[in-house]
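Reader: Hi! I'd like to get to know this structure. Could you walk me through it, starting with the words I'll need?

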Amino acid sequence: MTGDRKAIGLAEAVSIGIGGMVGGGIFAVLGLAVKLSGGGTPVAFMIAGLVAIVTSYSYAKLSVAYPSPGGTVKFIIKGYGNGLFSGTMNLLIWISYIIMLSLYAYAFGSYGATFFPENIQFLMKHVLATAVILILMFLNVLKANVVGKAEDVIVAIKLAILIVFTAIGLLSVNTASLSPSTWSPALTLVSGGFIIFVAYEGFELIANTAKDVRNPEKTLPHAFYISVGFVAVLYILIAIVAVGNLSLDKIAASSDYALAEAATPFLGHAGFVLIAIAALLSTASAINATFYGTARLSYIIAKSGELPHFLEKEVWNRHLEGLFITAAITLVITNTLDLQDISTMGSAGFLIIFAAVNYANVRLSKETGSKRIIPALGTVLCLAAAGFLVYDTVVTAPVKLLVLVVMFGLAFGIEYLYYHLGEREISIDDREEDDF
């Protein structure tokens with residue numbers, strides 16, 4: 001790639017990271033976090049942020065050493081070679097992004113339904129969630145990337161709204177609502193932090209731009225650390241404002257749209273509407289961007305030989321099979337699972353993926369110039385977090401463990417059958433990446 005094509009500087013890279021994280025996640029999981037962690041919700045976000053910050057070290061090092069539009073997919077293959085494990089992890093990445101789509105669609109439907117009479121809100125939540133999935137799928141088919149073209153503006157608007165919400169809300173915080181006596185038991189609080197880890201998913205998108213970044217050795221690490229650090233502080237402050245201005249009972253009663261409800265005490269109904277509109281814009285743009293990314297991701301994985309041929313084929317000069325499959329599965333998950341199930345699945349998926357990326361960096365530390373202790377710590381933190389999720393599910397709702405079993409079983413089962421029955425060779429030829 002020639003130097004004049006490297007158009008991404010530090011500000012742009014940080015914007016990509018922040019935009020990726022502050023998508024639909026915070027609008028969807030704030031209420032869930034409060035239900036699980038009580039007045040200790042800011043601590044829960046801090047715990048999840050710590051895992052994200054440590055993991056960003058591995059992403060920064062791997063992105064510099066192996067710049068690729070494949071990002072995480074490339075790191076997994078580099079770290080573990082061509083085999084069943086890499087294929088399973090890369091398929092899990094695709095599944096996890098589908099779950100994120102479901103989370104965004106669920107949040108879109110929940111916030112959108114608040115504009116309708118209470119007696120039809122449940123119905124409208126599903127109608128709106130289904131509609132936004134189908135509409136944005138067709139926009140991607142038509143290449144009418146309307147929301148995507150306005151992404152920078154949407155990111156600026158939602159950040160401005162959240163910062164104003166935080167600044168004004170901090171002035172009226174009731175500190176008694178945040179005292180340790182209001183916190184959930186330690187295990188539940190920690191589990192709450194890991195269940196809402198999906199709110200930090202998105203910083204890894206910086207890795208996909210590595211080939212286009214100017215002065216990557218300095219820009220990429222700074223972009224990862226600045227974006228994750230900023231978002232962690234923002235989330236903690238948002239949690240303080242929410243818990244400090246609205247009773248835990250009221251947050252629990254409006255958990256699907258808690259961020260909008262939390263604005264009411266100090267901004268009135270206008271604040272509720274403003275946050276709800278920001279949520280609709282944010283989740284729609286996140287769905288649009290994730291649709292594009294997952295369709296492209298399925299092509300990348302198929303191109304590497306880990307998924308069937310047909311996902312490489314073009315329809316109307318586009319790689320659309322992955323888009324259609326992604327949309328179909330998203331519709332099912334959004335309309336059949338609840339918010340906690342979706343969030344737990346998403347968090348578990350990304351924690352396992354990030355554990356694999358951290359350990360890949362341990363194995364590749366000589367090539368990446370990493371201090372092995374940091375990615376080793378990241379591996380342990382991610383695995384421990386995933387373990388907490390599984391344990392909490394077993395203790396509180398063992399039947400729901402089936403949801404996680406199905407998720408990971410699909411990733412392993414599909415790849416196992418394809419790996420043993422297929423006749424393709426896996427390729428990680430860097431020259432092929434120009435087609436991605």
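Author: Happy to! Let's begin with a term: a residue is buried when its relative accessible area is under 20%, exposed when over 50%, and partly exposed in between, using a 1.4 Å probe and protein chains only. Helices are DSSP runs of H or I with at least four residues, strands are runs of E with at least two, and both are numbered from the N terminus. This is a predicted model, where local features need pLDDT of at least 70 and side-chain atom pairs count only at pLDDT 80 or more, while totals for chains, interfaces and linings use all residues. Residues are numbered from 1 along each chain as its sequence is written, and side-chain values use heavy atoms, with hydrogens and water left out.

Reader: Thanks! How many helices and strands does the chain have?

Author: There are 17 helices and zero strands. The chain has 436 residues, and 57% of them count as buried.

Reader: Where is the kink in H2 centred?

Author: The kink is centred on Gly31 and amounts to about 25 degrees. The bend at a residue is the angle between axes fitted to the seven residues ending there and the seven starting there.

Reader: At what angle do H2 and H5 cross?

Author: The axis of H2 and that of H5 (residues 84-113) come within 8 Å and cross at roughly 75 degrees. That makes H2 roughly perpendicular to H5. The contact involves Gly25, Phe27, Ala28 and Val29 of H2, with Leu103, Tyr104, Ala107 and Tyr111 of H5. Contact means heavy atoms within 4.5 Å. Axes are lines fitted to C-alpha atoms, for helices over the stretch in contact, with angles from 0 to 180 degrees between N-to-C directions. Under 35 degrees is roughly parallel, over 145 roughly antiparallel, 65 to 115 roughly perpendicular, and the rest oblique.

Reader: New topic: is Ser255 buried or exposed?

Author: Ser255 counts as buried because its relative accessibility is 11%. Ser255 is in the loop between helix H11 (248-253) and helix H12 (258-303). Leaving out residues up to four places away in sequence, Ser255 touches Ala28, Gly31, Leu32, Lys35 and Leu339. Gly31 is where the kink in H2 is centred.

Reader: Nice link! What about Asn215, where is that?

Author: Asn215 is in the loop between helix H9 (186-195) and helix H10 (216-245). At 44% relative accessibility, Asn215 counts as partly exposed. Its phi is positive, near 50 degrees, in a residue other than glycine. Most residues other than glycine have a negative phi.
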